[in-house]
Structures are given as structure tokens and as C-alpha cells.
Amino acid sequence: MNHTVQTFFTPAGTDRPPNYEMLKEEHEVATLGAPHNPAPPTSTVIHIRSETSVPDHVVWSLFNTLFMNSCCLGFIAFAYSVKSRDRKMVGDLTGAQAYASTAKCLNIWALILGIVTTILLIIIPILILQAYQ
């Protein structure tokens with residue numbers, strides 16, 4: 001029977017035994033030998049395009065649909081927001097941006113008209129009450 005004993009030395013100045021990865025690497029170097037490739041190792045860099053954030057304004061459109069739906073602008077904005085989200089899921093960022101821009105414009109108009117209408121509904125009755133007093 002042939003038994004070989006291989007002794008592993010711990011690095012100088014440490015009282016800990018070597019870990020498994022260190023033992024495995026030393027075993028591979030002893031078995032396979034040192035790498036024989038004289039060329040320096042090369043690396044490959046892969047640029048992954050980050051997902052550009054296209055806001056779809058769904059929450060804003062839903063708010064305008066439920067609370068400030070003057071002239072149905074909130075509902076139309078909501079429809080464009082959903083179309084924008086669908087285009088974004090498919091990967092068509094240009095189409096998603098176009099629908100999002102339309103939804104944003106409609107949301108702005110719905111918000112302005114809703115606020116103006118609300119203010120007028122508060123101010124006009126007050127002015128009428130003051131006129132009759």
C-alpha cells in the first residue's frame with residue numbers, strides 16, 4: 001500500500017489552521033502546477049443599458065379621474081397612462097414616452113380645470129350671498 005502524506009503549512013504569524021478554500025487551491029497548484037500562460041489575463045467589459053425611467057403618471061391620472069374629472073380629461077389621461085405602461089412593458093420606450101407626455105399634459109389641464117372649478121364653486125355662492133345682504 002502506498003500512502004502519501006501531504007503537509008500543509010499555515011502562514012507565518014497566524015495560529016489558525018488554513019480554511020478549506022486555501023487547502024483546495026494549494027492542492028490544485030500541487031497537482032496541476034502553476035499556470036503556464038505568459039500573457040496577462042484579459043478582461044471583458046459588458047455594458048448593460050440601464051432601464052431608463054419613463055414615468056407613466058397612472059396614479060396622478062387615477063386621482064384626476066376620481067376627484068377632478070372635468071370634461072372627462074382625467075379619464076382620458078388615465079387611458080393614455082395605461083397605454084404608456086403597456087408600451088413600457090413591451091420595451092417600446094419611445095411610444096411609452098409619447099403616451100406619457102400626452103397623459104401628463106391632460107393631467108395638468110384636468111388639475112387646473114378642477115381647481116378653477118372648485119374655487120368658482122366656493123367663491124360664486126359667497127359673492128351671491130353677499131349681494132343679497
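Predicted model: local features only at pLDDT ≥ 70, side-chain atom pairs only at ≥ 80, totals over all residues.
What is the relative accessible area of Cys72, and does that value make the residue buried, exposed or partly exposed? Cys72 has a relative accessible area of 44%, so the residue is partly exposed.

## Overall architecture

The chain contains four helices and zero strands, and along the sequence the elements follow the pattern α-α-α-α. Of the 133 residues in the chain, 18% are buried.

## Helix H4

Helix H4 covers residues 93-131 and has 39 residues. From its first C-alpha to its last, H4 reaches 56 Å, close to the 57 Å expected at 1.5 Å a residue.

The buried residues of H4 are Leu93, Gly95, Ala96, Ala100, Ala103, Leu106, Asn107, Ala110 and Gly114. These buried residues pack against helix H2 (58-67) and helix H3 (73-90). Residues three or four places apart in an α-helix point the same way, because the helix has 3.6 residues a turn.

## Nonpolar surface patch

A nonpolar patch on the surface is formed by Ile108, Trp109, Ile112, Leu113, Val116, Leu120, Ile124, Ile128 and Tyr132. Together these residues have about 870 Å² of accessible area. Tyr132 is located in the segment after H4. With a relative accessibility of 72%, Tyr132 counts as exposed, because the cut-off for that class is over 50%.

## Annotated transmembrane regions

An unreviewed UniProt entry lists residues 58-80 and 108-132 under "transmembrane region". In the model, residues 58-80 are 78% helix and 0% strand, and the end C-alpha atoms of this span lie 9 Å apart. Residues 108-132 are 96% helix and 0% strand, with end C-alpha atoms 36 Å apart.

## The loop between H2 and H3

Met68 and Cys72 both belong to the loop between H2 and H3. Met68 has 17% relative accessibility and therefore counts as buried, the limit being under 20%. Leaving aside residues up to four places away in sequence, Met68 touches Phe63, Ala110, Leu111, Gly114 and Ile115. Ala110 and Gly114 are also among the buried residues of H4.

Cys72 is not a glycine, yet it has a positive phi of about 60°. Most residues other than glycine have a negative phi.

## His57 and the loop between H1 and H2

His57 also has a positive phi of about 60° without being a glycine. This residue is found in the loop between helix H1 (20-32) and H2. The relative accessible area of His57 is 19%, so this residue is buried.

## Salt bridges

Which residues take part in salt bridges with Asp56? A search of the whole structure finds three salt bridges. In one of them, the side chains of Asp56 and Arg85 meet at 2.7 Å, N to O. The pair links distant parts of the chain, with Asp56 in the loop between H1 and H2 and Arg85 in helix H3, 29 residues apart. Asp56 is buried, with a relative accessible area of 10%, whereas Arg85 is partly exposed at 39%.

Asp56 also forms a salt bridge with Lys88, at 3.8 Å, N to O. This pair again links distant parts of the chain: Lys88 lies in helix H3, 32 residues from Asp56. Lys88 counts as partly exposed, at 24% relative accessibility.

A further salt bridge joins Arg87 and Asp92, whose closest N and O atoms are 3.5 Å apart. Arg87 is partly exposed at 30% relative accessibility, and Asp92 is partly exposed with a relative accessible area of 28%. Through shared partners, salt bridges join Asp56, Arg85 and Lys88 into one network.

Definitions and conventions:
Residues numbered from 1 in each chain as written. Heavy atoms only, no water. Helix = DSSP H or I, 4+ residues; strand = E, 2+ residues; numbered from the N terminus. Expected span 1.5 Å × (residues − 1). Buried < 20%, exposed > 50% of the residue type's maximum accessible area, 1.4 Å probe, protein only. Contact = heavy atoms within 4.5 Å. UniProt positions renumbered as here; feature names shortened; annotations may be inferred. Patch = residues over 30% accessible without salt bridge, like charges linked within 9 Å, V, L, I, M, F, W, Y side chains within 5 Å. Areas by Shrake-Rupley, 256 points an atom, 1.4 Å probe, with all protein chains shown as cover. Salt bridge = Lys/Arg side-chain N within 4 Å of Asp/Glu carboxyl O.
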